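Here is a friendly walk through one structure, taken a residue or two at a time. Have a look at it first, and then we'll go through it together.

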Amino acid sequence: MLGLKLATDPRWVNIVESNIEEILTDHAWCEQKAASNAIYIIVNNSEKEELVTEMTRIALEEMEHFQMVHNIIKEKGLVLGRERKDNYVNDLVKFAKKDGSRNDALVERLLFAAMIEARSCERFKVLSENIQDPELAQFYRDLMISEAGHYTTFLNFAKQYQENINVDTRWKEWIAYESSIITKYGKQETVHG
């Protein structure tokens with residue numbers, strides 16, 4: 001369904017389990033950034049009623065996920081670490097087209113968001129199937145379903161608003177680019193790292 005070319009090696013979960021505090025901290029900040037991205041889309045496209053309504057729902061849901069991760073951190077007696085940069089996302093930003101119309105920028109932003117959601121969904125699936133902690137396994141299974149919904153929402157809006165961009169063609173380019181960079185990742189106890 002996600003169309004990703006390279007799957008995450010399940011052994012990545014062994015790295016994750018070596019530092020649960022780090023993966024949970026990174027995950028919490030990923031959720032906050034996802035909420036911020038939805039808000040960014042709202043701010044820059046306020047005239048698009050359907051988009052604003054859906055991005056508002058996503059922003060609230062992402063902050064709810066942040067709260068859920070933070071609650072798990074507290075329950076485990078861990079500490080939410082400081083926000084950190086996400087090299088994977090920064091690599092994706094480099095691929096995003098910076099030229100074109102305001103509408104083209106929206107479509108590109110939606111594809112960028114869909115790409116992140118697709119990989120996050122895939123990583124959560126790997127976690128849900130391989131992590132030893134049953135509570136975390138169920139938590140990541142539930143989030144995987146949510147992330148899949150966000151992925152399709154972003155992709156569907158990109159198709160809805162396409163004008164000068166063929167979304168199907170551009171999405172294939174995003175998938176190909178992502179497969180060229182993902183080999184650098186999966187070696188750290190972070191969602192994308």
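Arginine 57 counts as partly exposed, because its relative accessibility is 35%; on this scale buried means under 20% relative accessible area, exposed means over 50%, and partly exposed is in between (1.4 Å probe, protein chains only). Before going on, a word on the source: this is a predicted model, where local features need pLDDT of at least 70 and side-chain atom pairs count only at pLDDT 80 or more, while totals for chains, interfaces and linings use all residues. Residues are numbered from 1 along each chain as its sequence is written, and side-chain values use heavy atoms, with hydrogens and water left out.

So what does arginine 57 hold on to? One partner is glutamate 54, whose side chain meets that of arginine 57 in a salt bridge at 2.5 Å, N to O. (A salt bridge here is a side-chain nitrogen of Lys or Arg within 4 Å of a carboxyl oxygen of Asp or Glu.) Glutamate 54 and arginine 57 sit three residues apart in helix H3, so about one helical turn separates them. Arginine 57 also forms a salt bridge with glutamate 61, with the closest N and O atoms 3.0 Å apart. Those two are four residues apart in helix H3, which again means about one helical turn between them.

Helices, by the way, are DSSP runs (H or I, at least four residues), strands are runs of E with at least two, and both are numbered from the N terminus. The chain has seven helices and zero strands. Its radius of gyration is 16 Å, close to the 16 Å that the globule rule gives for 193 residues, so the chain is as compact as a globular protein of that length. That radius is taken over C-alpha atoms, and the globule rule is 2.2 Å times the number of residues to the power 0.38. Along its principal axes, the C-alpha trace spans about 50 × 30 × 25 Å. Buried residues make up 51% of the 193.

Leaving aside residues up to four places away in sequence, threonine 153 touches Glu54, Met55, Arg57 and Ile58, where contact means heavy atoms within 4.5 Å. Threonine 153 and methionine 55 are 98 residues apart in sequence, yet their C-alpha atoms are 9.3 Å apart in space. Threonine 153 counts as buried because its relative accessible area is 14%. For the chain as a whole, among contacts between residues at least 6 apart in sequence, 85% join residues at least 24 apart.

Methionine 55 turns up again in the largest nonpolar core: of its 64 residues, Met55, Leu92, Leu110, Met115 and Trp171 touch the most other members. Such a core is a set of buried Ala, Val, Leu, Ile, Met, Phe, Trp, Tyr and Cys residues joined through side-chain atoms within 4.5 Å. The largest share of this core, 14 residues, comes from H5. In soluble globular proteins, nonpolar side chains tend to be buried together.

How are their rings arranged? Rings of Phe, Tyr and Trp (its six-membered ring) pair if their centres lie within 6.5 Å; planes under 30 degrees apart count as stacked, over 60 as edge-to-face and the rest as tilted. Phenylalanine 157 is buried at 6% relative accessibility, and tyrosine 161 is buried at 12%.

A search of the whole structure finds nine aromatic pairs. Ring pairs also link Phe95, Phe112, Trp174 and Tyr177 into a cluster.

Finally, back to charges. Aspartate 91 forms a salt bridge with lysine 184, with the closest N and O atoms 2.7 Å apart. Aspartate 91 lies in helix H4 and lysine 184 in the segment after H7, so this pair ties together parts that are 93 residues apart in sequence. Aspartate 91 is buried, at 5% relative accessibility.
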